[in-house]
Amino acid sequence: MLENQEVKLKGSALLDHQGRYVLSLGYQETVLLQILQNQADKPASLTLSIPGEPKHGLLHLNKLSFNTGKTKTKIKTAYRQGKFRFDLNVDMSIWLTERLFPYDMRKKRKELENTIAGQMQKEFETLIGKIKRKRIDPFGFGLNARAYEYNAFKKAEDRWGKYSASRTFMFRFR
């Protein structure tokens, strides 16, 4: 028997509204899911590929890793022209822990922040697309739609998993 040991989350299994298994997420995708659910209350480590940086040798030298700090996600919900729109604003502090390529942090700090924000946006869009194809909503977009656009949501409620919705993102890092 193991005593004083913590269980650590390494991934997630997603279920449909009837409790049936639909999809598994790895560690990084689980962290992204928690951020979108506004439940990222503990620091997590993420690794991103930075486009335009060299890749050669045994190591992929275009990678950087960071730890997340305080994270706050706000979702604005709107319904226009027959579509729901969810504007996601993720405000996150990060600490770089590893950078496997040369970079002048003093002169190009803001450029790197913008690159990280762009890569995070791609990661979120990929995750949302993967989950949307499975017709589930672990993010709670349906709850936001019901709360802020009730009449439109009632019309789409029975087919919410199939509903076509556009999403835009805005990231701000500190």
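Is R135 buried or exposed? At 52% relative accessibility, R135 counts as exposed; buried means under 20% relative accessible area, exposed over 50%, and partly exposed in between, with a 1.4 Å probe and protein chains only. The tour returns to R135 below.

**Before starting**

This is a predicted model, in which local features need pLDDT of at least 70 and side-chain atom pairs count only at pLDDT 80 or more, while totals for chains, interfaces and linings use all residues. Residues are numbered from 1 along each chain as its sequence is written, and side-chain values use heavy atoms, with hydrogens and water left out.

**The whole chain**

Display the chain as a cartoon. It contains four helices and six strands; helices (H or I, at least four residues) and strands (E, at least two) are DSSP runs, numbered from the N terminus. Followed from the N terminus, the elements run β-β-α-β-β-β-α-α-α-β. Of the 174 residues in the chain, 37% are buried. Among the contacts with a separation of 6 or more, 61% are made by residues 24 or more positions apart, where contact means heavy atoms within 4.5 Å.

**Stop 1**

Select residues 27–36, which form helix α1. Its buried residues are T30, V31, L32, L33, I35 and L36. An α-helix has 3.6 residues a turn, so residues three or four places apart point the same way. What covers the buried residues of α1 includes β1 (12–15), β2 (21–25), β3 (45–49), β4 (63–80), β5 (83–99) and α2 (105–133).

Now select N38, in the loop between α1 and β3. Most residues other than glycine have a negative phi, and most peptide bonds are trans. N38 counts as partly exposed, at 34% relative accessibility.

**Stop 2: strand β3**

Select residues 45–49, the strand β3. One face, with L46 and L48, is covered, whereas the other, with S45, T47 and S49, is uncovered. Two strands pair if DSSP finds at least two bridges between them. T47 has S65 of β4 as its bridge partner.

**Stop 3: the aromatic rings**

Show the side chains of the aromatic residues. How many aromatic pairs does the structure hold? It holds five aromatic pairs. The rings of F84 and F86 have centres 6.2 Å apart and planes at 15°, so this pair is stacked. Rings of Phe, Tyr and Trp (its six-membered ring) pair if their centres lie within 6.5 Å; planes under 30 degrees apart count as stacked, over 60 as edge-to-face and the rest as tilted. F84 is buried at 0% relative accessibility, and F86 is buried with a relative accessible area of 0%. The rings of F101 and Y103 have centres 6.0 Å apart and planes at 85°, so this pair is edge-to-face. F101 is buried at 3%, and Y103 is buried at 14%.

Zoom in on K108, whose charged end sits over the ring of Y103, 5.6 Å from its centre. A charge sits over a ring if NZ of Lys or CZ of Arg is within 6 Å of the ring centre and within 35 degrees of the ring normal. Then select Y79, F84, F86, F139 and F141, which ring pairs link into a cluster.

**Stop 4: the nonpolar core**

Select F66, F84, I116, M120, I131, F139 and W160. Of the 39 residues in the largest nonpolar core, these touch the most other members. A nonpolar core is a set of buried Ala, Val, Leu, Ile, Met, Phe, Trp, Tyr and Cys residues joined through side-chain atoms within 4.5 Å. At least two residues of this core come from each of β2, α1, β3, β4, β5, α2, α3 and α4 (150–156). Helix α2 gives the most, with seven residues.

**Stop 5: two further loops**

Select L100, in the loop between β5 and α2. L100 is partly exposed, with a relative accessible area of 31%. The C-alpha atoms of L100 and L61 are separated by 4.9 Å, although these residues are 39 apart along the chain.

Finally, return to R135, in the loop between α2 and α3 (141–148). R135 has a positive phi of about 60° although it is not a glycine.
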